[in-house]
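The sequence and structure are shown first.

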Amino acid sequence: MSQYFDTLETRSEDQRAEDLALALPAQFARAKMLPGYARTLSNVDPELVTSVEALAPLPVLRKSELSKAQSLAGLMGGYADLNRPGITHVFQSPGPIYEPGSNGADWFRFGRVLNAVGIGAGDIVQNCFSYHLTPAGIMFESGARAVGAKVLPAGVGQTEMQVRAAADVGTTAYAGTPDYLKVILDKADEMGERLKIFKATVGGGALFPSLRQEYADRGITCLQGYGTADLGSIAYESEAMEGMIIDEGVIVEIVTPGTGTPVAQGEVGEVVVTTLNPDYPLIRFATGDLSAVLPGQSPCGRTNMRIKGWMGRADQTAKIKGMFVRPEQVAALVARHDEVGKARVVATRNGEMDVMTVQIESTGGDQDAYGASIAETLKLRGAVEIVAPGSLPNDGIVIEDRRVYDQAN
């Protein structure tokens, strides 16, 4: 498997704390210069913020606040300076929320994600993350450059062309959502093509144990990375496959959902991240994801803190087919049709694929029209199930995730 990406991964606990004591005050000084932090950090002395513990009393920044700030104060909402020379891109995520980006050296820090699965010089990565508006494609491309690998910028869709390109180019590694690799491999079997993909780094959805085993049976090592458009890489799996190791460019806290209060070690809570990226200094940014600290160090020799991996959402937002579906989108769907009283999105699995069914309370209505509205508001296609008014439970749930996750991963 891979060697370490750099010496940061194997620092002692004391050395990491010393380095953090220098990096955090500098990051807070940069953040205080941005108008977005004028209120929340105005009374904070950066020189006193030298440890993870010093972050706990500070307010949490939520995605909804970032979205509101951008709607009121314009692009970036005062949380990033687009005039910084390091910023070369602007991306859009659902919301919409806009994030800065860069073509600088491994700006999103995905190099260590690819390195952990053994991708490096001599590999050609079939990058099946989207290059359109969102930063995922660029994230993994910059990571590939950081480890010396070449990239086939495949994007999403056109599976036969994906297989043809993989066979012709001889791609040896895959980057994309967990289940799309299976789509490519199954299509290759159907076409009689034998691909050379033996390494995979996946994200944007849950990697189910059965799917990982199916890849292993094909001789493919498949490891997960965990990141967001706002923060870049947060954590990643190593060959030990015991939890996910926190990236060296961020600080992760696990807090009680809806608060900024850290939970006891091992308890499940919301993932809150402070990034050390000087171009985009997000402070205590709440991801909405649930996880827990995994005690001890990884057997692979990397020494940073570990989390158990993705364990659900602190709110009802769910990631289906690699896309977030949010309660406000379901509300927008209902508002489009006067005859619809209520709707519920149900996420399930069919084999190794995500399935989205939208249950709609209605006295009738056009199923095709509902399907079109679903595609427009939820940005995904799903099955439509019309149910009688009053038949959906009165429990406040609008997104029900019935998929079963392995919390050890």
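## Strand pairing around β9

Strand β9 and strand β10 (residues 244-246) pair in the antiparallel sense over two bridges, where pairing requires that DSSP finds at least two bridges between the strands. Within this pair, Y236 stands opposite I245 in β10. Strands (E, at least two residues) and helices (H or I, at least four) are DSSP runs, numbered from the N terminus.

The model is predicted: local features need pLDDT of at least 70, side-chain atom pairs count only at pLDDT 80 or more, and totals for chains, interfaces and linings use all residues. Residues are numbered from 1 along each chain as its sequence is written, and side-chain values use heavy atoms, with hydrogens and water left out.

## The β8-β9 hairpin

Strand β8 (residues 221-228) pairs with β9 in the antiparallel sense over four bridges. The two strands form a hairpin with three residues between them. Y226 has A235 in β9 as its bridge partner.

Five of the five residues of β9 (residues 232-236) are buried, so this strand is largely enclosed by the rest of the structure. Buried means under 20% relative accessible area (1.4 Å probe, protein chains only).

## Packing of α5 and α6

Helix α5 (residues 159-169) packs against helix α6 (residues 180-191) at an angle of about 75 degrees, with the axes 9 Å apart. That makes α5 roughly perpendicular to α6 (65 to 115 degrees).

In α5, the contact (heavy atoms within 4.5 Å) is made by T159, E160, Q162, V163 and R164. The α6 side contributes Y180, V183, I184, K187, A188 and M191.

Terms used. Axes are lines fitted to C-alpha atoms, for helices over the stretch in contact, and angles run from 0 to 180 degrees between N-to-C directions. Angles under 35 degrees count as roughly parallel, over 145 as roughly antiparallel, 65 to 115 as roughly perpendicular and the rest as oblique. Buried means under 20% relative accessible area, exposed over 50%, partly exposed in between (1.4 Å probe, protein chains only).
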